[in-house]
Amino acid sequence: MNIITRFAPSPTGYLHIGSIRTALYSWLYARKYNGKFILRIEDTDINRSNKKYVKHILYVLEWLGLYWDDQPYYQSDRYDFYQDIINTMLNKGLAYKCFCSRERLEFVRNICLTKKKDFLYDGFCRDKCFSYKKKNYIVRFKNIIDKSVFIFYDIVYGKIIISNNKIDDFIIRRSNGIPTYNFCVSLDDYDMCVSHIIRGNDHLNNTPKQIKILDSLNLKVPLYAHLPMILNVNKEKMSKRSKNFNLKRYIKSGFLPESVLNYIVRLGWSYRDKELFSLNEMKCLFSLEKVRKSSCCLNNKKIKWINKCHLSSISYKRLLYYLKPFFFKRKIFFAKINNISEIISFFAQRTDSLIDIVNYCDLFVDKKIKFTKVNHDYISYQIYNLLQFFLKHISKEMSWNKSNITLVINLCLRNYFFLGYAKIFQVLRFFLIGKEKNLSLNIIILFLQKNKVTSRIICSIKFVKSKLKKTY
RNA sequence: GUCCUCUUCGUCUAACGGUUAGGACAUCGCUCUUUCACGGCGAUAACAGGGGUUCGAACCCCCUAGGGGACGCCA
């Protein structure tokens, strides 16, 4: 069997984690079996569809590396194809024109509501022959009326049984001439030879309608795999308009694409005790049969941990590729840091976000240091002397390595022990990078390198001296 | 309301009738670091409830409760 899957978003909002997972699972399944993965933009809602969302969808898929085969398909390009089939269905009596006004439908709906019944179309126009040529009509699918049950098998949920009398003569073409979702989807999936439809379980109830359309035309029905919902932290359905779960947020927060994919592949699916997957491993190990049925919700701390693991194993070249936009945005010219690769590699081993790496790099850029709020305790002759002492010894001829740097620090600790160890560390850290609590001091000194250490300390000494003059 | 569906540590999950209910994140200890972190070691923590079936049930069946989805000229 030739495996063809598709991702079919509607461009009416930003992609959230749930839709990304649908895309990922479809992509993985196709790639695992050397099949095809199709992207189809479902833009039949002319009021809400927006080109900016199409752009967003393409950008996100590319960023994640979920490349599709063929050109993306747009349903709005295919109206002629749909229209032909609707005409055939009308001619064959598989569908009929309905002239019911919106008002009448609303009226019937309200009656059902007060009777606490399901709203199903009452078939008012079903068997009528209209002689007048009213233009304003919709086209409905002519469902078989009986009390039988409709059964289909879902790869994830198993056997699904729905009573036939719960499915009405649903609309397949609107009065504006544009066909509706259920119609377009089923025919496109057939036309594009989609073998496996992988999508959110909010479509479980649509599936019988789509199968019925295909059955009525004697067309082959694909296999279905519905995925459980991913809920937000409050266990609610995620909205396309909510910014919190929009994938852009993850990109901006400094996550790698492999981390995002790794995180979401494990929502609803697992492989033994394995937590970390490369894209290739996912491809080999993924299976629809192991997808869980129950919905799950998000955990931000876990994705951070996953990002940390991937940051520490990613190649330097790729890391730099993903870091560059962040450097650019912060206007940090990392060319100014001659040991940049050493610094980046070091922090990639211990941070959980690209932003953190950039923040650390930022500490080592400039020769001079700008202070924000200075602790009053730091403006004293003792501190002044400490800085002088530190400068004198750190400036000596020595090879610039961690153990030699530690020797100098120890020397300071011994000579100025009366200040307290913690304070000595804080003071030196502050006058080197402007922060009291941050990295270990010898790492700071090591990465700043001799020229920046001396220039920053000289600058600090001048600063303290000027403050002392003012005070006394 | 009707229909569909789901329910294992706080969270993501393992278990395919026999386990001390396993792992991961988080949390909390301890430990390395003369500071920050990283790391290492450990601990707490779950079968929604009630009935069956069975020698034996987290697992099979029924009921209840709770969650989610669908019920549009949205997709």
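**Which helix gives the most to the lining of the largest pocket?**

Helix α1 does, with four residues. The structure is a predicted model in which local features need pLDDT of at least 70 and side-chain atom pairs count only at pLDDT 80 or more, while totals for chains, interfaces and linings use all residues. Residues are numbered from 1 along each chain as its sequence is written, and side-chain values use heavy atoms, with hydrogens and water left out.

**The largest pocket**

The volume of the largest pocket is about 900 Å³. A pocket is an open set of points on a 1 Å grid over the protein atoms alone, where a 1.4 Å probe fits, with protein on both sides within 12 Å along at least five of seven lines; lining residues have an atom within 4 Å of a point. Grid points are joined across faces, edges and corners, and the volume is the space filled by probe spheres set on the points.

The lining comprises 33 residues, of which A8, S10, D202, H203 and K240 are the closest to the pocket centre. At least two lining residues come from each of β1 (4-7), α1 (17-32), α5 (181-191) and β9 (196-200). Helices (H or I, at least four residues) and strands (E, at least two) are DSSP runs numbered from the N terminus. By class, twelve residues of the lining are nonpolar, ten polar and eleven charged. Here Ala, Val, Leu, Ile, Met, Phe, Trp, Tyr, Cys and Pro count as nonpolar, Asp, Glu, Lys and Arg as charged, and the others, Gly among them, as polar.

**Packing of α11 and α12**

The axes of α11 (residues 316-330) and α12 (residues 340-348) come within 11 Å and cross at roughly 95°. The two helices are therefore roughly perpendicular (65 to 115 degrees). Axes are lines fitted to C-alpha atoms, for helices over the stretch in contact, and angles run from 0 to 180 degrees between N-to-C directions.

In this contact (heavy atoms within 4.5 Å), α11 contributes Y316, L319, L320, L323 and F327, and α12 contributes I340, S341, I344, S345 and A348. Eight of these residues are nonpolar, two are polar and none is charged.

**A three-stranded sheet**

Three strands form an open sheet in the order β4-β5-β8, with antiparallel pairing (at least two DSSP bridges between two strands). Its edge strands, β4 (95-98) and β8 (171-173), each pair on one side only. Four bridges join β4 to the antiparallel strand β5 (residues 138-141), and A95 stands opposite F141 in β5.

**Positive phi values**

C193, in the loop between α5 and β9, is a residue other than glycine with a positive phi, near 60°. Q449, in helix α17 (residues 441-471), likewise has a positive phi, near 70°.

Conventions: Chains lettered and ligands numbered in written order. Parallel < 35°, antiparallel > 145°, perpendicular 65-115°, else oblique.
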